[in-house]
Amino acid sequence: MPVLEVERCSIRFGGVQAARDVNVRAGEWEIVGVIGPNGAGKTTTFNIVTGFYRPDAGRVRFKGRDVTGLAVHERTALGMGRTFQNVGLVKGSTVRENLLTAQHLEAGYSALAGMLGLPGTFAAERRLAARAEALAEILGLTELLDTRVAGLPYGVLKRVELGAVLATDPDLLLLDEPTSGMGPEEAHAFGATLLDLRREFDLTVVMIEHHVPLVAQVCDYVYCLNFGELLAEGPPDEVRSNPEVIRAYLGQEADEVLQQGTS
Amino acid sequence: MNGHRQRPGPAGWAARGALLAALAGLVLVVPAGRGNVEVHVFTQAAIYAVIGLSLNILLGYTGQISLGHQAFVGIGAFTAAYMVSRAGQPFLAGIVMAMVVGGLQALVLGVVSLRVTGLYFALVTLAYGTMAEESLFNIQSLTGGSAGQPAPKPAGFSTDLRYYYLCLAFLAAVIWVDWRLMRTKGGRALLAVRENPKVAATNGVDVKVYTLMAFVVAGVFAGLGGALLAHNDTFVVRDLFDFQLALVFVIMTVVGGLRNRTGVVLGSAFFSLVGYFFDKLFSGGLHVPGLKVLPKEYVPIVIGPVLLLYTLTRHPGGVGQQIRPLQRWLRGGRFSFKDTHERDVRVTDARA
């Protein structure tokens with residue numbers, strides 16, 4: 001059974017068809033890449049999957065269950081985890097506080113019990129704190145636990161965000177440009193980390209990614225979007241050599257230039 | 001955050017303990033030797049701290065301004081007074097009812113805040129406060145009209161001093177709840193919602209439910225504050241709960257320092273006591289060298305804005321930021337002014 005099925009999802013914002021009949025599937029343990037030029041509808045698709053947008057048509061199924069009508073936090077509860085292009089963290093809080101905030105659904109006590117300071121909540125908080133520290137250890141953030149997020153460099157923020165998403169205990173990880181701002185070597189190292197994390201946390205991954213070598217390194221399957229529509233899909237090598245995909249990336253003018261050059 | 005921090009020796013800890021004991025003594029012992037009028041003022045300071053913590057939940061934790069907090073507090077006061085003097089209920093029942101009613105009215109405003117935000121929500125709260133003043137507070141049976149509603153002090157706490165200690169106990173309970181709130185998932189969820197609702201939802205927080213929760217908790221605190229205020233004055237008069245009071249509440253919370261528990265408590269107490277102290281200090285007016293004497297009644301008008309401007313421009317984190325060196329020292333750190341002048345407290349609270 002696929003973990004994620006996006007079936008013929010369409011959404012329109014005023015005059016812009018941001019997504020039309022988009023299909024995306026991710027099987028258990030797969031790493032699926034979503035590529036495409038700017039404005040192709042990649043993040044829009046993520047927003048449909050996670051529940052920020054409700055599609056005009058189409059369904060989203062998660063672990064076999066239709067989640068199209070569910071709110072964002074309900075999908076998180078079912079096991080969806082997502083990172084943001086511009087880093088989804090509580091910037092005024094420390095790394096530790098962010099890792100605790102992300103364990104909202106793991107707390108095991110009600111907010112009311114927490115604020116009354118009922119006996120069990122202290123032990124639960126110690127448990128959450130230990131888990132936050134363990135996650136920080138895995139991602140090499142131990143030194144930064146008490147540092148406020150706001151001042152940290154971009155690459156570190158991405159790592160903190162990954163830690164926070166993992167803290168929500170997801171089955172499906174949706175990564176929106178996880179390597180943006182990274183050089184080729186860092187991106188390659190991230191690929192290795194991702195493969196480790198998949199094994200360790202039992203994850204299915206869907207990622208929007210621009211580093212083609214990274215996509216080729218880790219992805220089992222790739223979807224290419226353009227102008228809100230699915231342009232191509234298949235194994236990474238196949239999609240990469242697809243002439244339509246190349247044209248979408250280089251643009252129509254480049255295409256004409258090429259043709260003029262040959263005539 | 002370097003790992004090797006110097007810890008104080010036994011003498012250092014003793015000094016810290018002595019200061020803490022002195023502060024506790026100031027709060028617990030000093031009012032004991034005072035007359036009823038003064039104790040009444042100190043009690044009001046403790047109650048204002050409760051109200052400040054209530055407003056801090058909205059203003060600080062959720063980033064929603066309330067310009068109608070005088071109504072929140074006033075409805076609590078009249079509910080408690082009505083329960084005791086009209087419905088013949090005991091003191092505690094009045095307190096509980098004031099908290100329930102406070103929570104319910106805040107819930108209604110919370111529902112509105114889900115639709116209307118920023119400046120517009122501030123206007124809604126302003127309208128709500130005015131509406132309460134003009135309509136609810138004119139209900140004869142609830143408020144006793146312009147004569148007011150009696151709210152005698154509870155049995156066993158009938159002296160001003162005993163009632164002062166009772167209010168301190170309630171303040172301690174509110175501080176406890178506020179402390180645990182911010183150390184557990186509810187408070188973390190609120191901070192996340194305030195800063196970025198999308199991130200909060202992605203973390204599994206039901207943004208609507210937690211926004212409403214914040215309003216209810218703030219309303220319960222405000223209702224409690226109102227009830228305590230009623231019994232402190234032993235007579236509730238509707239004229240007390242005007243818009244000016246709402247402004248005092250907002251100012252004392254902001255000057256205290258949003259999201260800073262100790263700062264809010266101190267700021268609220270300060271604003272409650274300031275009139276009394278000004279009266280005492282400047283009973284003969286303020287003598288400005290080379291100038292004439294500033295008459296007594298004008299002193300607050302001059303000194304108030306000066307203090308306010310000084311705090312908000314030099315210390316955007318308010319009293320909470322000003323006392324930080326002392327707090328750090330009490331916890332065993334070094335006494336330094338290193339981050340009191342730093343602009344590390346960002347003014348991100350104006351959502352309008």
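## Domains of chain A

Chain A splits into domain 1 (1-79 + 170-263) and domain 2 (94-168), with bounds from an automatic or database domain assignment. This is a predicted model: local features need pLDDT of at least 70, side-chain atom pairs count only at pLDDT 80 or more, and totals for chains, interfaces and linings use all residues. Residues are numbered from 1 along each chain as its sequence is written, while chains are lettered from A and ligands numbered from 1 in the order in which they are written.

The C-alpha centres of the two domains lie 28 Å apart. Their contact takes nine residues from domain 1 and seven residues from domain 2; contact puts C-beta atoms, placed from the backbone, within 7 Å. On the domain 1 side, helix H2 (72-78) and helix H7 (184-201) of chain A give two or more residues. Helices are DSSP runs (H or I, at least four residues), numbered from the N terminus.

## Chain B against chain A

The contact takes 24 residues from chain B and 30 residues from chain A. On the chain B side, H8(B) gives the most, with seven residues. By class, that side has eleven nonpolar, six polar and seven charged residues. Ala, Val, Leu, Ile, Met, Phe, Trp, Tyr, Cys and Pro count as nonpolar, Asp, Glu, Lys and Arg as charged, and the others, Gly among them, as polar.

## A helix pair in chain B

Helix H2 (residues 36-62) and helix H11 (residues 243-256) of chain B have axes that come within 9 Å and cross at roughly 75°. H2(B) is therefore roughly perpendicular to H11(B) (65 to 115 degrees). The contact residues divide into seven nonpolar, four polar and no charged.

Technical notes:
Axes are lines fitted to C-alpha atoms, for helices over the stretch in contact, and angles run from 0 to 180 degrees between N-to-C directions. Angles under 35 degrees count as roughly parallel, over 145 as roughly antiparallel, 65 to 115 as roughly perpendicular and the rest as oblique. Two residues are in contact if their C-beta atoms, placed from the backbone, lie within 7 Å.
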